[in-house]
Amino acid sequence: MSQIVDFDRLLFAFTIGSHILLVSLSIGMAIMICISEFLFARTKNKYYGALVRRLIRPFVVSFGIGTASGIVMAVELVNLFPRFMTLVSQTGVIAIFYIEIFAFFLETIFLVVYVYYGNTFKGRYSRWVLTVPIMVGTLLSAVLIVMVNAWMNTPNGFDLGTYVASGTNYSVTNVNPWAPFLTASTGDEVFHVLASVPLTGIMIIGGFFAYRYLRSTSLEEKTLFLTGLRVAVALSFVFVILAILAGVLEIDGMYQYQPLKYAAIELNPQPGTNLPMTLFGTVSGTSIVGGFQIPGFQGWLEHGANLPGLSQYPQSQWPPLIIHETFDVMLLGGALLGLFVIAYCGLWLLKRKPFDRPILAYVFLGFSALTAIIMELGWMTDELGRQPWIVYNVLTVNDAASNSANLYAPGIVIIAFYLFLFPFTLWFMGRVFRGKSIAIDLEGPTGGREDVNY
Amino acid sequence: MSTINWLFEVNFAIFSVFLVLFVTELMGGILLLIAYDATKAKVLPYIVPIWEVTGTFAAFWVVTADFAYPAMLIPVASLLSGLILVFLILLVVRNSSISFAELIVKRGWIDERRLYQLYGLATLGIGICVVIMLSAIVSGAGVTLSSLTFSLGGWVTNPGSLLYLVGVLFIGIGLAPVFYNIEPLRRWAPPLTVLGVAVEGGALYLYSSSFLSAYFLIPAVLTVAASLLYQIRLTAPIASQKFIFALLGTVIIFSQSYLVYPTAFNGAIPVDQVTTSGPMVGAFYLLSAAGVVVVGLLMALYLFAVHRATARPEALPPVPTVAHSP
């Protein structure tokens, strides 16, 4: 039984881990396309037009694969964790999924109209107007999915006590279908995702631009990548500031609404008010072994609040303490990323030409990879931090999971298939981005079918 | 007097739209497989924009089904898990092959032709999965509800199952030239659709004589009529008008709801007993009403754009005014 549950966990973790990377890229591209389309309409600068024309091609690819992997995830949830999805369907959480579909429709229809029929809409800003709902749709999809995650962390909208007390009857009573739209952690999580996911996508695109800028030999290609890099850096600056703010707010809310997860993340053996911040290390009994501490720092960050400790909970309920490490790596990586983006922008403002320094281009590329790692670690911290629960204090993963061994074979096929498909998709996106000659792309966004093979 | 189960009706209506879109894609996919060069000019301009919309409608239906039938999630997840996962793999192949086909630049050992045909093959595979699942839900063939298992062997050995699949394929191939207006294949439409309808009727009868009700005449008459109207010069443009075809297709599929209501799995599951209840019903209606408005407006925008592009085929991409480099 537990082996099957572990396989269910692995399969879903693998699928969602791949999916969120693609989604981040999609969101990053949607924002870049919208901003560049606006700049093109406003300035008539042909390089913004070329940027749009090049970005829309990988965006269509990532949309196609992302849609499929999103549906794979939705169906996997039903197959791998049927008890969880039954609870979701009996409560207002399914209403969030329902609205998610409308966000998906918004993105889909406007993307189809923009890509295949955009040239039927005349007017200077008409194509830009079509890109706004695409961007809003992609962001809204992310927001709504995170609202589901927030509900899993801080559930509401039904009588939790009765559900737990009913044991294997799983009795759902006093349902409020609208309550899950606003749980205790919804605001913090949504803000965090609205900042960090676009940042990840834009940083990856920016790293690609920085690298291509250095490698390009023609002046026009160089100008195009420099244009893209400037847009990416400016947007990264905005999102990195927002991400720092959102991270602080989320950790603030966590100690109040998910105290055990907070205690594990911060590695607090005992509760207290003036606690140190511990980087790395582990817990042995009631003390910390290894790592290093910054005295009083945690207490200072949380304004002297009484912070939770692991000793307040039975050890059987503790999440895996590896989340302390994943959180620390995420924190340090995020801090370095923030410093890098701010310093890069500072050099740009001081006209020190950071774009022309090869070393900075390679560092940018490195930070692109780091951003993706940070996002994956953040997601792991959140999910592992809720273990053994799938819905916090209500339903465990063991109780929610399927115990059907029939899922092994197709599950392994899905993993093997994704291991081939995702790297290939990223490679293909790079290919189609550079697919046409710069002269053609400088004619600007077509708003028609000129770039599509048929 | 029985009352109408609106949860079921709304969910089945969404399913009907999804299935019609999927079937039109399936017909195109089959044409790309059997006669790529002769049909691509008619098939690709329809399929390339619509496949994204079909996928969205599929997700729409899945979520409304989760919403409407929470008690069925565990049984269906256990029962059809293997088939569903095969379906998912094919779905990823479908989406990736068509999006790669649309944009592939360098033509080597793999080109857009092979990728579009891979898309056709994946869509055909999905179609077969869908038919197996639907026929199992309708007839209970291969299904053991007491142990929540599905046996493909049990499904195949049921006399109606393979006939059901063959009937659907005959109808699909027969109507494909009508929908895509493929003149060289025109004469194949009537014999294939008549054969398909006859085989389909036989399959339903073999499943259960009660399935062959008067409602079956709706798809039988309309399907054969479409293929016959396509033979006449005057009426052929009406028969192959895509919007009318899709609208009638939705009506046809919706009319077959009696196969799964009031009971599914050949009388084993009373649908009214597995639909959601309490405050969730009100939420479902409210969100569905809002959804119909939102999706309706978006589809209207889509049809408007298609209409404008069709009405003004000379519309060319605007030539941007070149200003300065950054």
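**Exercises on a two-chain predicted model**

Of the 326 residues of chain B, 48% count as buried (20 or more other C-beta atoms within 10 Å of the residue's own, C-beta atoms being placed from the backbone). The model is predicted: local features need pLDDT of at least 70, side-chain atom pairs count only at pLDDT 80 or more, and totals for chains, interfaces and linings use all residues. Residues are numbered from 1 along each chain as its sequence is written, and chains are lettered from A in the order in which they are written.

**Exercise 1.** Describe the side of chain B that touches chain A.

*Solution.*
- Step 1: count contacts (C-beta atoms, placed from the backbone, within 7 Å). Here 68 residues of chain B meet 75 residues of chain A.
- Step 2: locate them. Helices (DSSP runs of H or I, at least four residues, numbered from the N terminus) α2, α3, α4 and α12 of chain B each supply at least two residues. The largest share, 17 residues, comes from α4(B).

**Exercise 2.** Locate the cis peptide bond that ends at B:Pro262.

*Solution.*
- Step 1: the bond runs from B:Tyr261, with omega near 10°.
- Step 2: B:Pro262 sits in the loop between α11 (242-255) and β3 (263-264) of chain B, strands being DSSP runs of E with at least two residues.

**Exercise 3.** Is B:Asn181 buried, partly exposed or exposed?

*Solution.*
- Step 1: B:Asn181 lies in the loop between α7 (159-180) and α8 (189-207) of chain B. Its phi is positive, about 55°, although it is not a glycine.
- Step 2: B:Asn181 has 16 C-beta neighbours inside 10 Å. Exposed means 12 or fewer, and partly exposed lies in between. So B:Asn181 is partly exposed.

Technical notes: Contact = placed C-beta atoms within 7 Å.
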